Amino acid sequence: MTKVTRLKSLFWLRWQYLMSNKVLLYLCIGIPIGYFVPISFIPQYQGKIAFLPFILNLIYSMTGGCFISIMVSEEKEKKNLRTLILSGVKLQEYLMTIILFPFMLCLGSCLIFPFLIRVSLPNWPMYLVIAIMTCFIFILANLSMALFTKNQTQATLFGFGLTMLAMVLGNLPEFVQNKFVDDVISFSFIGANTNYFKASGHLEWSDKSMLMMVLWVVGLLVLTRFAFVWNRQNHVR
């Protein structure tokens, strides 16, 4: 089987899985998007930039992160991942097909919601870069956890913990303001996203949270590669 044929088969497999799994659609798409779209039309939330980070953190966590976590952990339980590995699927092929739909949904939501709540963002290029990179951070983190865990229960628990951590860190600057907290947030996986809105969009490209965002993506790519290789070695033996 050629690489192109494998990719087509994998994309079709993901699409079939997405369309047939109503629970996944409800939890990872229906809840975050279906809940916030009606709220976005309430006048009290219109034009409030402080409301947008809360929306985005849940979008990143559910539409990007939990989506991947549930899908990969179910693949492992049904031995589909083992079949893919033994059939010669490479890491790059697996990543391309597994992250495509969650990434499109996650990024699409990040682009739509500022318009829905009529928030004027002063630096769209930076917002777009942060949204893309943060999507990848949540996707890769949940993908790594799902590859290392044994079942859906474990993957869901770790994914829920990551969601709670993101929500706490994202809202922490509103309640505690000191240098230690600022440093913790800047070095965290949502540091750039949090600091962007804290600065009302006027964040410097040289801000340390921007560098940490890149390092998080690189580090998680390395971790994902290790997790995939670890699964391949276990299944080949």
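Which residues in α2 meet which residues in α3? Let's start there. One caution before that: this is a predicted model.

From α2, the residues are Leu-24, Leu-27, Cys-28, Ile-29, Pro-32, Ile-33 and Phe-36. Across from them, α3 brings Phe-54, Ile-55, Leu-58, Ile-59, Met-62, Thr-63, Cys-66, Phe-67 and Ile-70. Sort them by class. You get 15 nonpolar residues, one polar and no charged ones.

Now the geometry. Two packed helices are described by the angle between their axes and the distance between the axes. For α2 and α3, the angle is about 170° and the axes are 9 Å apart. Angles over 145 degrees count as roughly antiparallel, so α2 is roughly antiparallel to α3.

Stay with α2. It spans residues 22–40, and it also packs with helix α5, residues 91–116. Here the axes come within 11 Å and cross at roughly 10°. Angles under 35 degrees count as roughly parallel. Therefore α2 is roughly parallel to α5.

Who touches whom here? On the α2 side, find Ile-29, Ile-33, Phe-36, Val-37 and Ser-40. On the α5 side, find Leu-105, Ser-109, Phe-113 and Leu-116. The classes are seven nonpolar, two polar and no charged. Look back at Ile-29, Ile-33 and Phe-36: these α2 residues meet α3, and they meet α5 as well.

Next pair: α6 and α7. Helix α6 covers residues 124–148, and helix α7 covers residues 152–171. They pack at an angle of about 150°, with axes 9 Å apart. That makes α6 roughly antiparallel to α7. The crossing is right-handed. In the contact, α6 uses Phe-138, Ala-141, Asn-142, Met-145 and Ala-146. Its partner α7 uses Ala-155, Phe-158, Gly-159, Leu-162 and Ala-166. By class, that is eight nonpolar, two polar and no charged residues.

On to the pockets. How much volume does the largest pocket have? About 200 Å³. Its lining runs through Ile-49, Ala-50, Pro-53, Phe-54, Asn-57, Gly-170, Asn-171, Pro-173, Glu-174, Thr-194, Phe-197 and Lys-198. The lining divides into six nonpolar, four polar and two charged residues. Notice Phe-54. We met it in the contact of α3 with α2, and here it lines the largest pocket.

The second largest pocket holds about 170 Å³ of space. Its lining has 13 residues. Nearest its centre lie Met-62, Cys-66, Ile-70, Thr-156 and Phe-160. Which element gives the most to this lining? That is α7, with six residues. The elements giving two or more residues are α2, α3 and α7. By class, this lining has eight nonpolar, five polar and no charged residues.

One last link. Met-62, Cys-66 and Ile-70 lie near the centre of that second pocket. In α3, those residues also meet α2. Find them in the structure above, and you can trace both the helix contact and the pocket lining.

Terms used:
Residues are numbered from 1 along each chain as its sequence is written. This is a predicted model: local features need pLDDT of at least 70, side-chain atom pairs count only at pLDDT 80 or more; totals for chains, interfaces and linings use all residues. Side-chain values use heavy atoms; hydrogens and water are left out. Axes are lines fitted to C-alpha atoms, for helices over the stretch in contact, and angles run from 0 to 180 degrees between N-to-C directions. Helices (H or I, at least four residues) and strands (E, at least two) are DSSP runs, numbered from the N terminus. Angles under 35 degrees count as roughly parallel, over 145 as roughly antiparallel, 65 to 115 as roughly perpendicular and the rest as oblique. A crossing is left-handed if the near helix is turned anticlockwise from the far one by less than a right angle, and right-handed if clockwise. Contact means heavy atoms within 4.5 Å. Ala, Val, Leu, Ile, Met, Phe, Trp, Tyr, Cys and Pro count as nonpolar, Asp, Glu, Lys and Arg as charged, and the others, Gly among them, as polar. On a 1 Å grid over the protein atoms alone, a cavity is a set of points where a 1.4 Å probe fits but cannot get out, and a pocket is an open set with protein on both sides within 12 Å along at least five of seven lines; lining residues have an atom within 4 Å of a point. Grid points are joined across faces, edges and corners, and a volume is the space filled by probe spheres set on the points.
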